[in-house]
Amino acid sequence: MASDADLIGRSLDGDVDAFVEVVERHEAAVGAYLVRRAGRDAAEDLLGEVWVAAFESRRLYDRSYNDARPWLYGVALNRLRRYWRSRPAEDLVADVPDVATGSDPWSAVDLGVDARAVLRSALTRLKPEEREVLRLVAWEDLTAADAARALGIPAGTARRLLSQARTALRDAPGVSALLKDRNSTKERHR
Amino acid sequence: MTDELDLVGALGSAEPLRPEAYQRARAVLRAAMADPGTVRLLGATSAEDTTMEATSTMETTTTTRDHESSPAIQRRRRIGIAGRLGIGAGVGVAAAAAVVAMMINSPATGGTQAGKDSSAAASGSTTADGPVERAPLMTLAGSIKTVTPPAGDAWLVKATQVHGTKTMQVVYTLYTDGHAIYTGNSVQDIKRAIARHQDQMTDGGYAPLLEAAVAAADSSPADGRTQMLKAAKEPLVGLDPAAQKAVWDKQQAAAQVIIKQKGGNAEPKPYSPQAVQQHFDNALWTYSTQALSAGDGNTQVRAGVLRLLSTISAVSVKNSTTHGKATLTITAGPEMFGGEGSEVLTIDAETGMLVKDVSIVPGTPQASTTYESSRVTKADL
């Protein structure tokens, strides 16, 4: 199977369908990313803009990377920033979801309302750049290096930000108790 | 063992997009690939009804695109050169919107020439010859074939696109005397294209339009028009009036469905030979100027395009001077674009090569492309 980089190369050579194939590979992931950051209605409006922006900037894609997903998150984040700038504050979806709209019933960790409140509070105390890396790793399942690609920062910086974020989370009020409780519950059920 | 990443990860669960949202997003992408200049600023102007209409039409065309069609062939009704070079975003949008609006609901007044020959319009085989005011185009089309180019074996053309005060893109194109065309965003890109044998004349998205332009150089104006419209896969060309009406009504109905889905309101434009003639003229301008932009350094392409433009009633030609050099200014007026906006091409009066293209739409920044041409030797690039 051709890599994303190959398809983008073919797209630059005039193969119209090659870029659509890249999109089809990543539309679910990028769509979910947009939903998490902007809510479903806005995400549905933004997704096409993300593809257009990615298509227009594909010449800048570093084809030494086979997987385009981190790059597409970066493109999506740029569109989100434009969207956020253009919207009144009351229209924006919180960075950290307040309600578990359509939450995955098979999630590995089933959070209760109190746990969500604790985590939301902890996340809001992180620096924005720490939160950005953390989200990409925790929500989009990227490595720190891939998160760095998405954000256009050095990999070492992303690793440092992730480490800082994790440490801050673990030390945040309520989170360590939450982790202890979760893990001791698991122990009891073994 | 649960760690902090697991906890945060559980916060990120979200309901998926609806399937139609993915389809719609892909349709937007397809439209952008077919028409980058038109779509680029959709987001920025999405509050405008006209933008919605432009989107609607593009979606209509993309749903019917065939697998082999090039991006150029998928384009519809837009200021031509701006589209190929992706200029202008805002201007492209507004122009497309204006033209789509014309296609949908403006009265089919037509040009005087068009009105005189409604039967020809209906058959898609107009016998139009340019009147006196467009005669310089025919004259130049004939004379440029005999012009001997300066030393070298290729033209290198640098096209700089500016939208308002912002430079959007610089495109380099090499036209060899052997009729090959290589393009890219730098001379390095051109060298790469040469190494990969990516000759736009034969296998690029504009190849069918370039071929039609070359054919038009030695065809009658009517045949030239038909060839260009067929190259653009214009569905109405070559049909008898009854068949044209059927296709026209179907297209209008499809457009209405999409417009209504998007909450818009535009009356369908009734079929008439004059409306078809306007439609053909608009398409001919669009595709011919795209061919000119893509094939500017090819003498046959230029000659063919000049002959084609001379058949369009909404086109006027004036002598002009640009930086001390004799030029011709070719203007497609508002009637070409649904009542507002215009496109002005400036070409060298001796060679016919592009000097400047300006797209004007009221209320949007001016979009222009300036062309700098120089003779080079391919091997020395």
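Reader: Okay, which loop does B:H323 lie in?
Author: B:H323 sits in the loop between strand 4 (315-322) and strand 5 (325-332) of chain B. Keep in mind that this is a predicted model.

Reader: What's the phi of B:H323 like, positive or negative?
Author: Positive, at about 50 degrees, although B:H323 is not a glycine. B:H179 also has a positive phi, of about 75 degrees, and is not a glycine.

Reader: Where is B:H179 found?
Author: Look in the loop between strand 2 (166-176) and strand 3 (181-184) of chain B. B:H179 has 17 other C-beta atoms within 10 Å, so that residue counts as partly exposed.

Reader: Switching to chain A. How many helices and strands are there in chain A?
Author: Chain A has nine helices and zero strands. Read from the N terminus, its elements go α-α-α-α-α-α-α-α-α.

Reader: How much of chain A is buried?
Author: Of its 190 residues, 38% count as buried. As for contacts in chain A between residues at least 6 apart in sequence, 63% of them join residues at least 24 apart.

Reader: Got it. At what angle do helix 2 and helix 3 of chain A pack?
Author: Helix 2 (residues 16-38) and helix 3 (residues 40-56) of chain A pack at about 140 degrees, and their axes are 9 Å apart. That angle makes helix 2 of chain A oblique to helix 3 of chain A. The crossing is right-handed.

Reader: Which residues meet there, between helix 2 and helix 3 of chain A?
Author: From helix 2 of chain A, they include A:F19, A:V23, A:G31 and A:L34, and from helix 3 of chain A, A:R40, A:L46, A:W51 and A:F55 are among them. By class, the contact of helix 2 with helix 3 of chain A has 13 nonpolar residues, one polar and one charged.

Reader: How do helix 3 and helix 4 of chain A cross?
Author: The axes of helix 3 and helix 4 (residues 69-86) of chain A come within 9 Å and cross at roughly 125 degrees. These two helices of chain A are therefore oblique to each other, in a right-handed crossing. Among the residues making the contact are A:E49 and A:V50 of helix 3 of chain A, plus A:N78, A:R79 and A:Y83 of helix 4 of chain A. That contact of helix 3 with helix 4 of chain A divides into nine nonpolar, one polar and two charged residues.

Reader: What about A:R135, buried or exposed?
Author: A:R135 is in helix 6 (residues 128-138) of chain A. With 26 C-beta neighbours inside 10 Å, A:R135 counts as buried.

Reader: Back to chain B. Why is helix 13 of chain B said to be largely enclosed?
Author: Nine of the eleven residues of helix 13 (residues 207-217) of chain B are buried, so the rest of the structure largely encloses this helix. B:P208, B:L209 and B:V214 are among the buried ones.

Reader: Last one: which residues have the most contacts inside the largest nonpolar core?
Author: They are B:L209, B:L210, B:A213, B:M228, B:L284 and B:A291, in a core of 66 residues. Helix 16 (residues 273-295) of chain B gives the most to this core, with ten residues. Another core, of 65 residues, lies apart from it, and includes A:L34, A:L47, B:A14 and B:A31.

Notes
Residues numbered from 1 in each chain as written. Chains lettered and ligands numbered in written order. Predicted model: local features only at pLDDT ≥ 70, side-chain atom pairs only at ≥ 80, totals over all residues. Helix = DSSP H or I, 4+ residues; strand = E, 2+ residues; numbered from the N terminus. Buried ≥ 20, exposed ≤ 12 C-beta atoms within 10 Å, placed from the backbone. Contact = placed C-beta atoms within 7 Å. Axes fitted to C-alpha atoms, helices over the stretch in contact; angles between N-to-C directions. Parallel < 35°, antiparallel > 145°, perpendicular 65-115°, else oblique. Left-handed = near helix turned anticlockwise from the far one by under 90°. Nonpolar A, V, L, I, M, F, W, Y, C, P; charged D, E, K, R; others polar. Core = buried A, V, L, I, M, F, W, Y, C linked by C-beta atoms within 7 Å.
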